[in-house]
Structures are given as C-alpha cells and as structure tokens.
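I opened my notebook beside the model today and looked up a few things one by one. Here are the entries, kept brief.

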Amino acid sequence: DLPCGYRCQTPVQKVFFDFNLFMPNHFDLLKGFSQIGQLDVSPTLIPRIRTRYLGSSFADSMWIQSCICSILYNFHDKYGFAAGASTQYSPHVASTMDYIQRNLSARLRIEDLAARCFISKTSLAERFRKEVGLTLGHYIDTQLISYAQRLLAQSDISLEKLSSELGYCSQFYFSTCFKKHCHMSPAQYRK
C-alpha cells in the first residue's frame with residue numbers, strides 16, 4: 001500500500017529492484033545473470049516497509065537493509081547466481097582490478113597498468129585473461145559501461161558530460177561503445 005507518485009491513482013502493487021553486487025575482489029555476483037526474477041512477498045511486509053521507509057532512524061534503515069538482504073537470499077535460492085564468487089586472483093590481477101575500479105576511464109592503457117605491476121603488458125594480459133576470463137580491454141569496457149548505466153539511471157548528467165568524465169574522446173564514440181554493449185543507445189537506456 002505504498003502511495004505512488006507522478007499522479008498515480010492506485011497504490012503500488014509491484015516494486016522493481018536493479019542490483020549490482022560486487023565482491024571485494026570485484027567479481028560481479030550477477031555476472032551473466034540476465035533474466036528478470038520474481039519473488040512473492042508477504043502482503044503484510046509492504047505496509048511495514050512503508051512505515052520503516054518513512055521513518056528516519058538508524059533502526060529503520062537497518063531493518064530495510066535486512067529485508068533487502070533477505071529478498072536477495074531468497075532470489076539466490078530460487079534463481080541461483082555467482083558460481084565464481086569465491087574466485088581468488090593473483091596479486092598482479094587483483095591490484096590491476098582495484099586500480100581500474102579506482103581510476104575508471106576509457107583512457108586506461110594496458111601498458112600503463114602493466115608498468116604499475118612491474119611486468120610486461122603481455123604477461124599481465126595473459127594472466128588477466130586466464131584468471132578473469134576476459135581480456136583487459138573488455139574488462140575495462142564492461143566496467144565503464146556498467147558505471148555509465150548506473151549514472152544514467154541515477155542522475156540527470158548530460159551524455160556529453162558523462163562521456164567526458166569517463167574519458168571517451170567524444171559523445172559519439174561513447175554512444176557507439178554503449179550501444180555495442182547494451183544493444184540500445186544511452187538515451188534509450190535512460191528512458
């Protein structure tokens with residue numbers, strides 16, 4: 001019985017969540033999981049969530065967080081995901097993944113990443129592909145597009161500014177890369 005905004009005349013009957021779940025080693029728990037799952041929740045839960053959501057205490061926030069964790073646990077039981085969640089990476093690969101996450105940009109170069117680890121670019125590229133299952137370039141592209149998706153969904157940042165912040169040489173090139181990965185333009189994704 002959550003009231004709906006934007007002139008909605010009826011109470012909310014369904015709630016949709018879009019999750020990104022990353023382990024500390026940057027393994028995406030939902031990697032390769034592309035289906036939309038549906039879980040039924042107790043009808044008494046929605047009014048309780050509404051009450052807690054409107055509250056502003058620490059206990060309310062923690063209660064909602066525990067509900068979300070419980071829902072994710074049930075989702076995992078029903079649909080399964082994250083077969084590789086326990087993957088351990090070598091120090092060079094883990095360090096490279098961490099650096100990429102902290103300095104995400106289309107301008108990242110394999111030569112520079114390898115120099116940080118004091119190994120050859122060929123050696124780093126081979127280790128990365130063997131351990132992660134993706135080439136370094138593809139991993140960087142995937143992380144960039146994933147970050148762009150979050151920004152498109154959660155902000156009103158212009159495409160020009162977004163492409164510049166991500167280090168793309170132009171908005172056109174960013175849109176081309178985005179469409180290649182997502183099969184739709186950034187503007188379509190935002191809608």
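**Entry 1: charged pairs**

I started with Asp112 and Arg109, whose side chains meet in a salt bridge (3.2 Å, N to O). For this term I used a side-chain nitrogen of Lys or Arg within 4 Å of a carboxyl oxygen of Asp or Glu. The model is predicted, so I noted the limits: local features need pLDDT of at least 70, side-chain atom pairs count only at pLDDT 80 or more, and totals for chains, interfaces and linings use all residues. Residues are numbered from 1 along each chain as its sequence is written, and side-chain values use heavy atoms, with hydrogens and water left out.

My cut-offs were under 20% relative accessible area for buried, over 50% for exposed, and partly exposed in between (1.4 Å probe, protein chains only).

Next I looked up Lys121 and Glu111, and their side chains form a salt bridge as well (3.1 Å, N to O). This pair links distant parts of the chain: Lys121 is in helix α5 and Glu111 in helix α4, 10 residues apart. Helices here are DSSP runs (H or I, at least four residues), numbered from the N terminus. Lys121 is partly exposed at 42%, and Glu111 is partly exposed at 35%. Salt bridges that share partners join Arg109, Glu111, Asp112 and Lys121 into one network.

How many salt bridges does the whole structure hold? My search found four. Among them is Arg102 with Asp98, where the closest N and O atoms are 2.9 Å apart. Both residues lie in helix α3, four residues apart, about one turn of the helix. Arg102 is exposed at 53% relative accessible area, while Asp98 is partly exposed at 31%.

**Entry 2: helix α3**

I then checked the length of α3. Its 12 residues, at 1.5 Å a residue, should span 16 Å, and the end C-alpha atoms are 16 Å apart, which agrees. The expected span is 1.5 Å times one less than the number of residues.

Which residues of α3 are buried? They are Val93, Thr96, Met97 and Ile100. Down the helix axis they fall within an arc of 100°, so they line one face of α3; the arc is taken from the directions from the axis to the C-beta atoms. These buried residues pack against α4, α5 and α6. On the face turned away from the buried side I found the exposed residues Pro91 and Arg102.

**Entry 3: the core**

The largest nonpolar core has 31 residues, and Ile100, Val132, Leu162 and Phe174 have the most contacts inside it. Such a core is a set of buried Ala, Val, Leu, Ile, Met, Phe, Trp, Tyr and Cys residues joined through side-chain atoms within 4.5 Å.

Last, I looked at Ser163, which is in helix α7. Ser163 is buried, with a relative accessible area of 3%. Not counting residues up to four places away in sequence, Ser163 touches Tyr168, Ser170, Gln171 and Phe174.

Methods:
Helix = DSSP H or I, 4+ residues; strand = E, 2+ residues; numbered from the N terminus. Contact = heavy atoms within 4.5 Å.
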